[in-house]
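Have the structure open while you read.

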Amino acid sequence: MSTGPGADSAPAPTSTHESTTGGTFSSLKIRNYRLFATGAVISNTGTWMSRITQDWLVLSLTGSATAVGITTALQFLPMLLFGLYGGVIADRLPKRQILLVSQAMLGLCGIALAVLTLSGVVEVWHVYLVAFLLGMVTVVDNPARQSFVSEMVGPAQLRNAVSLNSANFQSARLIGPAVAGVLITTVGSGWAFLLNGLSFLAPLVGLLMMRTNELHASVTVPRAKGQLREGLAYVRGRPELIWPIVLVGFVGTFGFNFPIWLTAFADEIFDGGAGMYSFFNILMAAGSLAGALLSARRRSSRLRMLVAAGTAFGLLEIAASLSPTVWLFSILLVPIGMLGLTTNITANTSVQMAADPEMRGRVMSLYMMVFAGGTPVGAPIVGWISDTYGARTGFAAGGAISVIAALAVGFALARVGGLRLKVDLRPGRPHVRFVPREQLATAA
C-alpha cells in the first residue's frame, strides 16, 4: 500500500492483494470487534425487520410499486446529495464517537415510526419523512462505520472483518424478514418498528464497552479547505479505486432494487402476501450469507472476481425475471444473493485496501455514495418500469444494465493493465481469458 496520496507505488490496476490469517472467523478473536459484531447482528436484525415492514406498509397504504421505490429513494437520497461530506466528517472526527451519536439517532427514528404506526395515524408521507431522516444519519454513520473496522482489527485482518460484517448483516437478513412476517400478520407493523428502534441499544452498549487502548491508531485529518476536492482527485487518479466504484454504482443503482421487485413478484406475479415477500428475502439472505462466508475464506481481493461476479449476477437476474413458476424464481434468488454479495464485498475490500488511511473516510463515502446514493435515481425509474411494463420487465432491465456495466469495467481494467482478451478453443485449455499483450504478440 502506498504511503501517501501522491505515492508512485500504487497497486496494479487489475488486482488488489493482501493476506489474512487465522481462518474464516479470525477477526472474532479480537475483543473489540466481537463487541462490535454482537451489537451489529442485533441492530441489523431490527433494521431488516423494519425494512420489510416499511415496504409492506407503503404498499398497503398506496398499492403502488412506484411508492415503494420513492420510499427507498428518499432513504438513499441524502447519500447522493451529501455522501462526500459525510466522508470528510469521518476523516476529521474520532469514528467511535461519531458512531455513538449516529446509532442513537437511528434508534430514535425507529421509535418515532413505531409511535406513528401504533397510534393508527401513520400516513405514507410519515414513512417518506422517516426514511429521509434515516438517510441523513446514514450519510455520516456509513463511512465512519466502514472506516472504524480497520481501527478495530488492523490491516492484516481487514479483508476478513469486512467479509464477516457482510455475513453478520446477511445473518440478520435471514432472521429479520421472518420475524417481520410474523409480526405484520399477528400484532401489526408498529411492533416491528418498535423492536427495531430498541435494537440499537446493543451496538451502543458494545461501543461503550470497547477498550480504546486496544484500537489501532487512527488518522484524523485537520480541518482544511479543499478536502472534498482532494478526495475526488485522489480516487480519479487511481484505476484500482475508480473502476470498482463505477461498477458498484451501476449495480447498486439498477441491480439492487429488490424491495421493488420482490414486493411486486410476491403481490402481483405469484399472488402471495407478506409471508411470501419475507420468504423471498430469506432466500436471498441465505445466498448472501454463503457469499459473505466464502469471501471471508479468500485471502485476496481480485478485480477479475469482481467483474465475473457482477456479470453472473446480472445474467441470473434476467433469468429470474423470466421464471414461469414461484419455485424456480425462489431457487434463483439464492445464487443472486450470493453473487450480489460477492460483487459488493470484493469491491469494498479492494477499495479499502487500496486507499491510504488518511483518505479512507472520503474514499468509502464516495463508494457508498455511488452504491447506495444511486438508488434515488434507479428506484423510481425501476418502479415506474415495473408499474408500466410489469415487474418482469423491470427486473430484467436491472440485470441487463448490471451485465453491460460489468463487461465494460472488465475491458477498461484490462486496457489499463495492458491485457487483451484471448480465445483458445483447444481442449484442456481456458477458452476465454485475459493475458498480457506481450504474450499475444509472442503467440502470433
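1. H13 covers residues 326–354 and H14 residues 360–371, and their axes come within 10 Å and cross at roughly 155°. H13 and H14 are therefore roughly antiparallel (over 145 degrees; under 35 is roughly parallel, 65 to 115 roughly perpendicular, the rest oblique). Axes here are lines fitted to C-alpha atoms, for helices over the stretch in contact, with angles from 0 to 180 degrees between N-to-C directions.

2. Who makes that contact? On the H13 side, Asn 344, Ala 347, Asn 348, Val 351 and Gln 352; on the H14 side, Arg 360, Val 363, Met 364, Tyr 367 and Phe 371. Contact means heavy atoms within 4.5 Å. By type, the H13–H14 contact residues come out as 6 nonpolar, 3 polar and 1 charged (nonpolar: Ala, Val, Leu, Ile, Met, Phe, Trp, Tyr, Cys and Pro; charged: Asp, Glu, Lys and Arg; polar: the others, Gly among them).

3. A word on provenance: this is a predicted model, where local features need pLDDT of at least 70 and side-chain atom pairs count only at pLDDT 80 or more, while totals for chains, interfaces and linings use all residues. Residues are numbered from 1 along each chain as its sequence is written, and side-chain values use heavy atoms, with hydrogens and water left out.

4. Asn 348 sits in H13 and counts as buried, at 7% relative accessibility (buried is under 20% relative accessible area, exposed over 50%, partly exposed in between, with a 1.4 Å probe and protein chains only). Neighbours within four places in sequence aside, Asn 348 touches Gln 146, Val 162, Met 364 and Tyr 367.

5. Another asparagine to click on is Asn 142, in helix H4 (residues 124–153). Asn 142 is buried too, at 9% relative accessibility. With neighbours within four places in sequence set aside, its contacts are Met 79 and Met 368.

6. Next, helix H2 (residues 65–92) against helix H15 (residues 375–389): the packing angle is about 170° and the axes are 7 Å apart. H2 and H15 are therefore roughly antiparallel. The H2 residues in this contact include Gly 69, Phe 76 and Leu 80, and those of H15 include Pro 380, Gly 383 and Trp 384.

7. On to the rings: the structure holds 18 aromatic pairs (rings of Phe, Tyr and Trp, the last by its six-membered ring, with centres within 6.5 Å; planes under 30 degrees apart are stacked, over 60 edge-to-face, the rest tilted). Trp 56 and Tyr 277 are a stacked pair, 5.9 Å centre to centre with 25° between the planes. Trp 56 belongs to helix H1 (residues 31–62) and Tyr 277 to helix H11 (residues 274–297), so this pair ties together parts 221 residues apart in sequence. Trp 56 is buried at 13% relative accessibility, and Tyr 277 is buried at 1%.

8. Ring pairs also link a cluster, with Phe 256, Trp 261, Phe 313 and Phe 395 among its members.

9. Overall, the protein has 17 helices and 4 strands, taken as DSSP runs numbered from the N terminus (H or I, at least four residues, for helices; E, at least two, for strands). Of its 444 residues, 55% count as buried. Among contacts between residues at least 6 apart in sequence, 84% join residues at least 24 apart.
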